[in-house]
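Please examine the protein shown below.

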Amino acid sequence: MNRRTTLRTALLAATALTASFAIAGCAAEDSPAGGSDGKPALSVSGAFMPEPVNGDMAGGFLVVKNGSDTADKLTSVTSTLSDDVQIHETKNQKMQQVRSMDVPANGELRLERGGSHMMFMGLKSKPKVGDKVAVELHFEKADPVKVELDVKERTYNPKHH
């Protein structure tokens with residue numbers, strides 16, 4: 001091999017490696033849905049569930065980001081862990097079930113400790129730290145988004161990790 005061929009091969013390898021890192025970086029945290037067909041472009045990140053204290057109920061938390069100019073609403077959540085997954089908001093330190101939650105255009109819906117969240121009632125099994133819980137988020141406009149919640153220790157708070 002001459003110097004020009006070696007340089008060209010090295011450049012192509014570096015370009016391929018950079019592209020693979022970029023693709024892997026995008027897929028690592030966000031789960032995209034929608035966008036090209038006029039529907040909201042939604043992605044989900046930070047999905048987790050603290051290990052339940054008992055086998056009766058559990059909470060779920062995540063962030064839904066909307067990268068489009070079209071607002072949407074989270075209307076329901078389904079999971080094989082429970083036949084009754086509710087959407088709750090917390091107002092004036094009181095938790096209440098709601099029918100839907102807004103996902104603003106070019107904004108986000110945060111389901112987090114002390115605020116809005118998913119509530120899994122009547123668990124079919126009790127997930128342990130390290131497990132993954134599959135859920136499907138349903139929206140008014142966007143296609144459903146499948147997400148896995150990482151089961152974390154009960155004290156886990158992403159603001160401190």
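Predicted model: local features only at pLDDT ≥ 70, side-chain atom pairs only at ≥ 80, totals over all residues.

Residues are numbered from 1 along each chain as its sequence is written, and side-chain values use heavy atoms, with hydrogens and water left out.

Q: What is the mean pLDDT of the protein?
A: The pLDDT is the predictor's confidence in each residue, from 0 to 100. Over residues 3-32 it is below 50, yet 76% of the residues of the protein reach 70 or more. The mean pLDDT is 83.

Q: How many helices and strands does the protein have?
A: Helices (H or I, at least four residues) and strands (E, at least two) are DSSP runs, numbered from the N terminus. Along the sequence the pattern is α-β-β-β-β-β-β-β-β-β-β-β. The count is 1 helix and 11 strands.

Q: Which strands are joined to E10 by bridges?
A: Two strands pair if DSSP finds at least two bridges between them. E10 (residues 132-139) runs antiparallel to a strand at residues 72-79, with 5 bridges, Val-77 being the partner of Leu-137. It also runs antiparallel to a strand at residues 145-152, with 6 bridges, and forms a hairpin with that strand, with 5 residues between them. The strands joined to E10 are E4 and E11.

Q: Is Leu-74 buried or exposed?
A: Leu-74 and His-138 are 64 residues apart in sequence and 6.0 Å apart in space, C-alpha to C-alpha. Buried means under 20% relative accessible area, exposed over 50%, and partly exposed in between (1.4 Å probe, protein chains only). Because its relative accessible area is 0%, Leu-74 is buried.

Q: Which strand gives the most to the lining of the second largest pocket?
A: Residues that line this pocket include Pro-50, Met-57, Phe-61, Arg-113 and Arg-154. A pocket is an open set of points on a 1 Å grid over the protein atoms alone, where a 1.4 Å probe fits, with protein on both sides within 12 Å along at least five of seven lines; lining residues have an atom within 4 Å of a point. With 4 residues, the strand that gives the most is E3.

Notes. Contact = heavy atoms within 4.5 Å.
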